[in-house]
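Please open the model in your viewer and keep the sequence beside it.

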Amino acid sequence: MKILVVDDSKAMRMIVKRNLAQVQGIGTLEVTEAENGAHALATIEEQGEPDLVVSDWNMPDMNGLELLQALRAQGSAVPFGFVTSESQASMREHAIAAGALFVLSKPFTADAFQELLSSVL
Amino acid sequence: MTVSEQELTDVVTAVLTDMLGVPIMPLIGADSNGTGPQITGCIHVSGGWEGSVLVEMTQRVARELAAGMFDEAAADVADADVMDALGEVANMIGGNVKALLGATSLSLPSVTSGDRFVVHVPGSRLETTSAFECLGDPARVLLLTSQA
């Protein structure tokens, strides 16, 4: 499975990658990273669509919601989920309405991460 | 609208202990300023509530936190990665404080490190402090309210 992890924090990208590797049923994992939405779009254009995008929300140079909206505007139906410190219900509703599969709030435990990702994969 | 010391400490516990696996202990009555090189992460909250969250600790502890986040030995973590890690800690604490306050916007974090410095957010006052011991050193998270 090819997954694009998008977060302006290198440390958080590392944590997400480690947790992805522990998700049951994920199979062979290939992770690409991007540090913001603009970088993610460029990466997808260069390397093709991944099987899943896991993105932060608050980032410079195109935030996660803008990235999702840009992908959908291009006609992409790539599965997309947020891992974000934006934990309010209104933000969650906004994300789902824009086409996100899931919103996982930071901070998260390894169990919560794996349970959620296992359920959507 | 405010955040109590217990609510702030609960957020800190969720980030440092529940997620990053680093236990913290309340620090009551003791000096909450660590000695030696310090590092502070700062993030601003706005939209319905205006203020800032500061995460202060020693550079040694920040490096240990970063080591856990990067899964590397502390000595091998680059200085830039230590700052990145603390910025993300501030981001997570700030995001959860934002939710408690019903605010709508969160800035990107900024991180300052050095031997002697003060982070001053003009026009703000200290609202709530969570002081704790983390990996043997004092640390604290400050909630500042804008007085504008």
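**First stop: a hairpin**

Select B:Leu135, which takes a positive phi near 50° in the hairpin of β6(B) and β7(B), where 2 residues lie between the strands. Strands here are DSSP runs of E with at least two residues, helices are runs of H or I with at least four residues, and both are numbered from the N terminus. This is a predicted model, in which local features need pLDDT of at least 70 and side-chain atom pairs count only at pLDDT 80 or more, while totals for chains, interfaces and linings use all residues. Residues are numbered from 1 along each chain as its sequence is written, and chains are lettered from A and ligands numbered from 1 in the order in which they are written.

**Next: the strands beside β7(B)**

Now select strand β6 (residues 124-134) of chain B, which runs antiparallel to β7(B) and is joined to it by 10 bridges; strands count as paired if DSSP finds at least two bridges between them. Within this pair, B:Ser124 stands opposite B:Ser146 of β7(B).

Strand β7 (residues 137-146) of chain B has 7 of its 10 residues buried, so it is largely enclosed by the rest of the structure. A residue is buried if 20 or more other C-beta atoms, placed from the backbone, lie within 10 Å of its own.

**Last: the whole chain**

Finally, select chain B, which has 3 helices and 7 strands, in the order α-β-β-β-α-α-β-β-β-β from the N terminus.

Notes: A residue is buried if 20 or more other C-beta atoms lie within 10 Å of its own, exposed if 12 or fewer, and partly exposed in between; C-beta atoms are placed from the backbone.
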